[in-house]
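Let's walk through this one together, one feature at a time. Ask whatever you like as we go.

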Amino acid sequence: MTWKCAVADLPLGGAKGGVVCDPHQLSMREQEQICRGWVRQIVRNVGANTDVPAPDVMTSAQHMLWMLDEFETLVGSRQPGFITGKPVGMGGSLARTEATGYGVIYTLREALRARFRKLEGVTASVQGFGNVGQYAVQLLTKLGGKVLAISCWDQKDRCSYTYARSSGVDFDELKGITDRFGGIEPDKARDLGYERLAGDAWLEQEAELLIPAALDREIREDNVEKVASSVKMIVEGANGPTTPGAEAMLLKRGIEVVPDLLANSGGVTCSYFEQVQSNSNYYWERDEVLTKLESRMVSASAAVLDLAERRGVSLREAAYLISVDRVVRACRDRGWIQ
Amino acid sequence: MTGSPTAGGPGGGHETTAPVERILGDLRERAKELDCLYKADELLSRYQASPEDVFGELVQSIPQGWQFPEVCCCRLRLSGTVYQTPGFYETPWIQKTTVRSHGEKVGDLQVVYLSPRPTADEGPFLREERRLLDTLSERIGYSLVQRELHRLRTGMHGPESGEGSWSVIIQFLRTSDPSLLRRLAQRILTHLQWHGLARPEDLVDLLPPQDEMVDENRPLPFHKENDLADRAQRSFSLAASILGEKTLLGLLQSWVDEERSRFLLDTLANSEATLERVSSALARFRSQGADEERLPAPIATALRVGLVNRFLSDQTEFVRQSAGAVRVSDFYALTERIVDPERSHGRVGGKTAGLFVAWNILRRSSEKHPELKDIRVPNAWVVPSDALLAFLEYNGFGTLHTLKYKSTEEIRQDHPNLIEAFRNSPLPPSIRRGLAMALDDLGQVPLVVRSSSLLEDRPGSSFAGKYRSLFLANQGPREERLEALERAITEIYASVFSPDPIGYRAERGLLDFHEEMSVLIQQVVGTRIGRYHMPSFAGVAFSRNELRWSPRIQREDGLLRLVPGLGTRAVDRLSDDYPVLLAPRQPQLRVNQTPDEVMRYSPRQVDVLDLEANDFCTRSLDEILRECGNRWPLIHRLLSRVDEDMLRPVSPLELDFRDGSYVVTFDGLIAQTDFVRRVALMLEVLEETLGHPVDLEFAHDGTDLYLLQCRNQSFSADSDPDVIPADLPASQVLFSARKYVSNGRAPEITHVVYVDAEAYHALDPAAMREVGRAVGRLNGLLPRRKFALLGPGRWGSRGDIRLGVPVTYADINHAAIMIEIARQTGDYVPDLSFGTHFFQDLVEAGIRYLPLYPDDPDVAWQGLFFQRSENILGELLPSFAYLSEVLRVIDVPRQTEGQVLRILCNAEQELAVGVLCEPGATGLMVRAGRPGQNLDDSEHWKWRMHMAERLAASLDGARMGVRALYVIGGTKNGTAGPGSDVDLLAHFVGTLEQREALLLWLGAWSRALAAMNHLRTGYVCTELLDVHLVDDQALAAGGGFASKIHSIDDPAQKLEMASRA
């Protein structure tokens, strides 16, 4: 998280904390007690200007609200900036759902621009139609891009399928036949002229872009060969979708990989916005959030693209160089290291 | 209860009118008749009122029971007193009868028509009116005795009562019922003697003389009874002096009460008595105001046992359990809702009996537990069991009784014709009339017609789902509704002769029992919501939880499966949807915790009755909510609002169904109402009273909770404990478990996938993921539902994958059982997952789960078998051979000379064992009285796979231009059902002629297989094969079906051919 925040140029660091327990064996009431107990133990070490918790594995907005409530009770004042991941109306930020997916496309647009390409008319194949995938497709098609194929999980058949249409995906149309878990209804998709292919067919599409936005380790040494020759760029919407070995082979083929560190940092940027809004007790309109997100993503991307160009390194290397450099510089400026 | 008036059937008393009119007329008559009787009973039981009032009012009410009340008058003469309606005079159109009290004439009762009316059975009077008149006079006579007794009783207790007030009783009985007097006198003496209260010398001359010599070959000498009254007088006098007046009168009272129940006992003991006779004896018992609580215990028990035996079941176990739980008075309502009891000797069947007993237990316990007070049962009627025989006889289907001895194939072939024949055959007229009456009583609300077999719900034979339950929307004109009801009943009757129940009965050794099946016609609980009729929610509840998702849940905490709408979706396992699971005694420990899990595993479909289409159907929840969610009672208790990644309770005000962001959680119901507590209490009370765990069906219409069914849980397939022999040879037992064992059946295991804990923990995370991927591949290769997964810690771990192999449900969905092993490391034993990562998927697919703790004392663990047996991983997945140290695949028969692994679970003993045995082993592994319970679903795909292999083996590929043949889809994936196609993929390289020849050849196979499948399963289709041809070009392109051949997640399975092109 330190590196992700650094590359996105957010004035935040990273740390992890948690409670060893299995929520599946606990009632909600017991989970609430644990959340509150945890805050009571750590209250001296956290706070809006000290350390800001956010939800991760097995925790949801509900847990954040319990923690917030306990914290505010202990310190005796309103402290919405103490924690992020809160629902809208309780200190949460608008546009949080869209942030990651939109961020992917903002980054993509900048990367293309640096290669003197426009987003209009570019073709893409997307893996995953959950939060990230959906909003990425929405923005990409809105900005004139063309999505040829989308793969998604089919809960009924317990496997994933790729839905492809050479004329491109109509986002609203497809969204209308998608359940809340990102599963597309096969029959209705067929009626709309989509061809149903095997789950990993998204990887083989004759598109210029691949956007893996589902799970990690989806592009591996054993399937990287299937990536079509038309592909110019892979934008990592998910965390760690490309294995290092596969990335090396892609780079050798001249296919660029926009790293997850940069491409999906829209989410953490929006968490930062949530904290900023909470601290100032002033909540922005959705458009305002998105405008600020865009400008952040643009400058973060520009820095990475620029460094990669100047130093002749991959985008991933550039992203890590920038983030490590920023952290090191801060440490040096503070006199922690020479 | 009296029978229907036109007992003569077609051609009876009213030839001129249309059948429906006639039925209606009959019903009206019957209703009047019943009204009249009830009114009379009610009046006659007012013993404290003066005779003038009672009899005066009675004669006024009697004419209403006759066909032409406007010209009907009535007169009652009793011991010189005359009670009559105004304007009474004797006319030629008169019906009269004598009133007798204890055999002596005390008066008469007359009914006249003042002007002529059309001729009927007895002048202008109907046959039924004669019967009514006789019944009335009988009841009047009886009430006279009761009045007298009442007068005496109240007199005795009054201030006047003193020495010898019982002598009035003697005087009264001396003339009215000497035999009763004799019995009372005898009993008082026996009482004194038995309790040693009287000196023998006092008794000597009161007891019958003892003969000095009893010669067994000679009749006893006859002693003429001396003055009975005198002997009685002396006996009572003696008793009064010893016991005191009050005790004596108390004894007399209870004996008189007992005498009053004698006729009911006699009727119950008479096996010839029809249901109608029993019912009317019961009605008489009721009209006397007899109080069974005051009866001596043996009599009350005899009555209850007799009634249970007569109406409910002759199963000793059932009689024992229920006789203690029901009261005579409980049967009053039941007997009023039996269709055509006139000639019937039948019973109401298992389903009705179970529900009846359970409901009465709950009602009775509501004093102690007020929460149970308002639990209801839906209004229902019963067609008794022998009506099926009447139907068969009426339509000349007598030969069908031999059908069950035919082969299943023959039965199956005939069955469609039989259904058609049954549906087109009329029910006997008396049953039709009864049904018409039932239909009027039940009203124009949807009905469910359910089989209630006598063999059903016997210990060891759960017929759940073997017979039919049919839903009727019951809308439209009365004639149509009646016709639909009749057709539903005949269809249920046909199901008795369908191959599946017959096969099932044959397996259970019940074939030779004469199957009589009663039919339960129940109102469908619910309200009208838009065009639909459905309950707010419904479900099933079990006393024992066999699906524990946490070690904190005990078996005794029970299990609830809840669904919105009709409960049909909670009863069956669902392939594409999930009910909400709950342990009623620990409702806070939910299966799903994160909002994502809750949403993924929530019900999305609803079963409803569509009143406009007059049909039962399944609708999507979102659709119904949008259409009419606002009218759905209690909906705000069922739903939670999805608010980003938070689920919030909803208030009725904020409900807005235009966006679909709601999910069924039942959170409101659980947290805000006492529903769960009530269900838990129901389970507890029923289990305690009946002495066995129960399995309930229930529904809630938004206002009331209704009980729909109650069965013994140990009879149901999922709760059936295995018998574990105590003397299993230790060498055959691979492992055993003594913690968290659940009942339920695991199939025979031929392959074990074992992940070695130590080796696994030594891997780096990337390699751990590879283990997960390899398991996923094995899942596609090993025989479905025949392999066990054994691994350390938590299968499906996502965060910290050192805790267990990272797999998703799709990676393990063909396993038969998932076993988690917790080895002690240092001083701690890791927590197991209990399958929580995909718990509900496991439940719906019937995949078993078992945790093992090999380091516990008293458990077996043959680690060496798993570590040293030959590992066939390399054979199956050469590319994963490098994981052989970690991942071991054991072909059990190959290792053990043909044996298989059976996992026997017995939760009662808290013991599970994995034991090697012969496939299909009997003796060692016979399950308690139930071999071969429900044909395994996997039979369907196995048969298909087998036939596909045989087809391939006879395919001359060289001649027909086939290079390779593959099987894909459900047959390969082990999901094919009885009606599924067999999907084949042929790599075709031949000419057009070869193509034609191939298609012709395959077509013949296809039709032959379809015919075979029909005989096996009853599913009708003309062809069974679905063949896809791909050529080299398509193969090279790799799209469409061709992509299956090299697919990673769902690869086609290649079949061996006789030859290839």
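Q: How much of strand β12 of chain B is buried?
A: "Buried" means under 20% relative accessible area, with exposed over 50% and partly exposed in between (1.4 Å probe, protein chains only). Strand β12 (residues 559–564) of chain B is mostly covered, with 6 of its 6 residues buried. This is a predicted model, where local features need pLDDT of at least 70, side-chain atom pairs count only at pLDDT 80 or more, and totals for chains, interfaces and linings use all residues. Residues are numbered from 1 along each chain as its sequence is written, chains are lettered from A and ligands numbered from 1 in the order in which they are written, and side-chain values use heavy atoms, with hydrogens and water left out.

Q: Which residues sit on each face of β12(B)?
A: In a regular strand the side chains alternate between the two faces of the sheet. Here B:Leu559, B:Arg561 and B:Val563 are buried on one side, and B:Leu560, B:Leu562 and B:Pro564 are buried on the other. Strands here are DSSP runs (E, at least two residues), helices are runs of H or I (at least four), and both are numbered from the N terminus.

Q: What pairs with β12(B)?
A: Strands of a sheet pair through backbone hydrogen bonds, either parallel or antiparallel. We call two strands paired if DSSP finds at least two bridges between them. Strand β11 (residues 537–542) of chain B runs antiparallel to β12(B), joined by 6 bridges. Strand β13 (residues 580–582) of chain B is antiparallel to β12(B) too, over 3 bridges. Look at B:Leu560: this residue is the bridge partner of B:Ala541 and stands opposite B:Leu582 in β13(B).

Q: In what order do the strands of the open sheet in chain B come?
A: Read across: β5-β8-β6-β7, 4 strands with antiparallel pairing. β5 (380–383) and β7 (469–472) of chain B each have a single partner strand, so one side of each is left without a neighbour in the sheet. Inside the sheet, 7 bridges join β6 (residues 447–453) to β8 (residues 517–523) of chain B, and B:Val448 has B:Gln522 as its bridge partner.

Q: Is A:Ser27 buried or exposed?
A: A:Ser27 counts as buried because its relative accessibility is 6%. You'll find A:Ser27 in the loop between α1 (2–7) and α2 (28–42) of chain A. Contact means heavy atoms within 4.5 Å. Leaving aside neighbours within four places in sequence, A:Ser27 is in contact with B:Arg552, B:Gln588 and B:Leu589.
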